[in-house]
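Let's take a walk through this protein, one part at a time. Keep the structure open beside you as you read.

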Amino acid sequence: MSAPLKVGSIIREEWLNILRDRRLFAILFLVPLLYTALFGYLYSNQRLVAIPTVVFDGDNSQLSRQIVQAFDQTETFRITSHTLSESEVERTIENGKARVGIIIPNDFSTRLKHGENVPVLTFVDGSNMLFSNSATRAANQVITTFSYGASSVKMKQQGLRDEQITSTFSQIPFRSRVLYNPMFNYNDFLVYGLIGAILQQVLLLGVALTVTRDKEQGTWNRFAAWRSLPWRIAYAKTAPYFLIGLVNNLSVFVLALYVFNLPFRGLLLPVMALGVSFVFALLGIGYLASLFSSNQVGSTQTTMLIAVPSFLLSGFTWPFEAMPHALNVAGHLLPLTYFLDGVREIFIKGHGFETVWQDCVAMGLMGAVTYFIAFLLTPLFIKADKKAEADPSFSA
C-alpha cells in the first residue's frame with residue numbers, strides 16, 4: 001500500500017521542479033525584474049526631445065528668424081532642414097525625413113504690423129500620436145512664449161508697466177495641421193500595432209512547437225536520412241505555417257477594415273509583400289528557437305521572451321528618437337519593428353512600395369539569416385539513425 005500524499009511533500013516537489021527548470025525559474029523570478037528594468041529604461045527620457053523638424057520661412061525677416069531660432073532652442077524640436085515651399089515641407093514629412101514642419105508665410109512680419117491675423121502653421125506627422133500630441137503642445141507653447149516676450153519688450157520701450165503689458169498683450173496666431181490622423185483617433189493608431197503583435201505571437205508559438213513536438217514524441221530522429229539536406233526538413237516543417245501566417249494576415253486586416261472601419265489608404269501589392277516578408281522572418285526565428293528547445297514548454301518560453309518586448313521596442317508605443325541607444329539598436333533587430341513601420345506607411349499614410357521596400361528587405365534578411373543558421377545546426381540536433389537512412393519510404 002502506497003504512502004498517502006502529503007501537502008508538504010507536494011509543495012517540496014513543486015519547488016524542486018521550479019529550481020531544476022532554469023527557464024521556468026528565470027520566467028518566475030528574473031523576467032519580472034528584467035521587464036520592469038526594461039520599461040523604466042525605455043521611458044527614462046520621460047518625454048520626446050529633438051523631434052526632426054523642417055522649416056519653410058517665407059518671410060525671412062528678423063522676426064521670422066527669431067521664431068525659428070526659438071523652436072530650435074527648445075529640447076522638443078531639432079531643425080534638420082529648410083525648404084523653399086510649403087509643399088516641400090509636406091513631402092519631407094511624407095518620406096519620413098522629418099516629423100514636424102514649421103511654415104512662416106510670406107510677408108509675415110509686415111502683415112502682422114498691419115494688424116492682419118497671420119498664423120504660424122505647423123504640420124505634424126499624426127501617424128504616431130506621441131509625436132502629434134507632444135509636437136502640437138510644444139509648438140503652441142513656443143509661439144505663446146515668444147510672442148509674449150517680443151510684445152513685452154516692445155511695450156516696455158513705450159513705457160508700459162508689466163500689468164499693462166499683460167492686459168494688452170496680443171499673441172501671434174498659431175495653427176497646427178495634423179497629417180494622416182487629424183482627429184487623434186486612438187483606434188487608427190493603436191489597433192494596427194496590437195494586430196501586428198498578436199500575429200507575431202501566434203505564428204512564433206506555432207512554428208516553435210513544430211520541432212519540439214517531434215522531440216517529445218520520439219519521432220525527430222526519423223529525419224536522420226535528411227541530415228545532409230537540412231533545408232528539406234525546414235521546408236517540410238514550416239511550409240504549413242507559412243500558409244497559416246498569410247491567411248491570418250489577410251483575415252485580421254479584412255476584419256479591421258470592413259468591420260471596424262480602420263483606415264486603408266495604400267495599395268494591395270505592397271501589403272502582400274510586407275506580409276510575406278514578415279511571415280518569412282518569424283518562421284526563421286521560430287524554427288531556429290525550436291531547434292534549441294528539448295520540449296514544447298521550453299520552446300514556448302523562448303518565443304515568449306522574444307515576443308513580449310518586441311511591441312515595446314518596435315518604435316510603436318515609444319518612438320526610437322526618444323529611446324536610449326542600446327534599446328534603439330535592439331528594436332531594429334526585431335521583425336515587428338519593420339512590419340509596423342510598413343503598416344503605418346501603407347495603411348495610415350497611403351504610401352506605396354517605394355517607402356516599405358527597405359522594411360521588406362530587412363525582414364527578408366532576418367528570415368534568411370536565421371534559416372541559414374538553422375541549416376548549419378540541424379545536423380547537430382539529429383542523431384545518426386541507420387534504419388531511417390536505409391528506409392526507402394522516407395523520401396521527399
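Predicted model: local features only at pLDDT ≥ 70, side-chain atom pairs only at ≥ 80, totals over all residues.

Now zoom out. The protein has 15 helices and 5 strands. Of its 396 residues, 45% are buried. If you take the contacts with a separation of 6 or more, 80% of them join residues 24 or more positions apart.

Next, head for the inside. The largest nonpolar core has 58 residues, and Tyr192, Trp220, Phe253, Tyr287, Phe339 and Phe347 are the ones with the most contacts inside it. H10 gives the most, with 11 residues. Where does this core sit relative to domain 1 and domain 2? Domain 1 (7-43 + 193-381) and domain 2 (51-169) both give residues to the core, so it lies between them.

Setting aside neighbours within four places in sequence, tryptophan 220 is in contact with Val211, Asp214, Lys215, Ile233, Tyr287, Leu291, Phe381 and Ile382. Apart from this core lies another one, of 20 residues, with Val100, Val124, Ala135 and Ala139 among them.

Phenylalanine 311 lies in helix H11. Is phenylalanine 311 buried or exposed? With a relative accessible area of 15%, under the 20% cut-off, phenylalanine 311 is buried. Beyond residues up to four places away in sequence, phenylalanine 311 touches Leu190, Gly193, Leu194, Ala197, Phe316, Thr317, Leu336 and Leu340. The C-alpha atoms of phenylalanine 311 and isoleucine 198 are separated by 9.7 Å, though the two are 113 residues apart along the chain.

Threonine 92, over in helix H4, is buried as well, with a relative accessible area of 13%. Leaving out neighbours within four places in sequence, threonine 92 has contacts with Val54, Ser81, Thr83, Lys97 and Ala98. Between the C-alpha atoms of threonine 92 and threonine 53, 39 residues apart along the chain, there are 9.4 Å.

Now for the charges. Side chains of opposite charge can pair when their charged atoms come close. How many salt bridges does the whole structure hold? A search finds 5. One of them joins the side chains of arginine 99 and aspartate 125, at 3.1 Å from N to O. Arginine 99 lies in the loop between H4 and strand E3 (100-104) and aspartate 125 in strand E4 (residues 120-125), so this pair ties together parts that are 26 residues apart in sequence. Both arginine 99 and aspartate 125 are buried.

Aspartate 125 also forms a salt bridge with lysine 349, with the closest N and O atoms 3.1 Å apart. Since lysine 349 lies in the loop between H13 and H14 and aspartate 125 in strand E4, the parts tied together here are 224 residues apart in sequence. Lysine 349 is buried, with a relative accessible area of 9%. Step back and you'll see a network of salt bridges linking Arg99, Asp125, Glu345 and Lys349.

Elsewhere, aspartate 214 pairs with lysine 237 in a salt bridge, the closest N and O atoms being 2.9 Å apart. Aspartate 214 lies in helix H8 and lysine 237 in helix H9, so the pair ties together parts 23 residues apart in sequence. Both of these residues, aspartate 214 and lysine 237, are buried.

Finish at aspartate 359, in helix H14. Aspartate 359 is buried yet has no salt bridge, and the nearest side chain of opposite charge, arginine 344, is 8.1 Å away. Not counting residues up to four places away in sequence, aspartate 359 touches Leu274, Tyr338, Asp341 and Gly342.

Terms used:
Residues numbered from 1 in each chain as written. Heavy atoms only, no water. Core = buried A, V, L, I, M, F, W, Y, C linked by side-chain atoms within 4.5 Å. Buried < 20%, exposed > 50% of the residue type's maximum accessible area, 1.4 Å probe, protein only. Helix = DSSP H or I, 4+ residues; strand = E, 2+ residues; numbered from the N terminus. Domains from an automatic or database assignment. Contact = heavy atoms within 4.5 Å. Lys, Arg positive; Asp, Glu negative; His and termini not counted. Salt bridge = Lys/Arg side-chain N within 4 Å of Asp/Glu carboxyl O.
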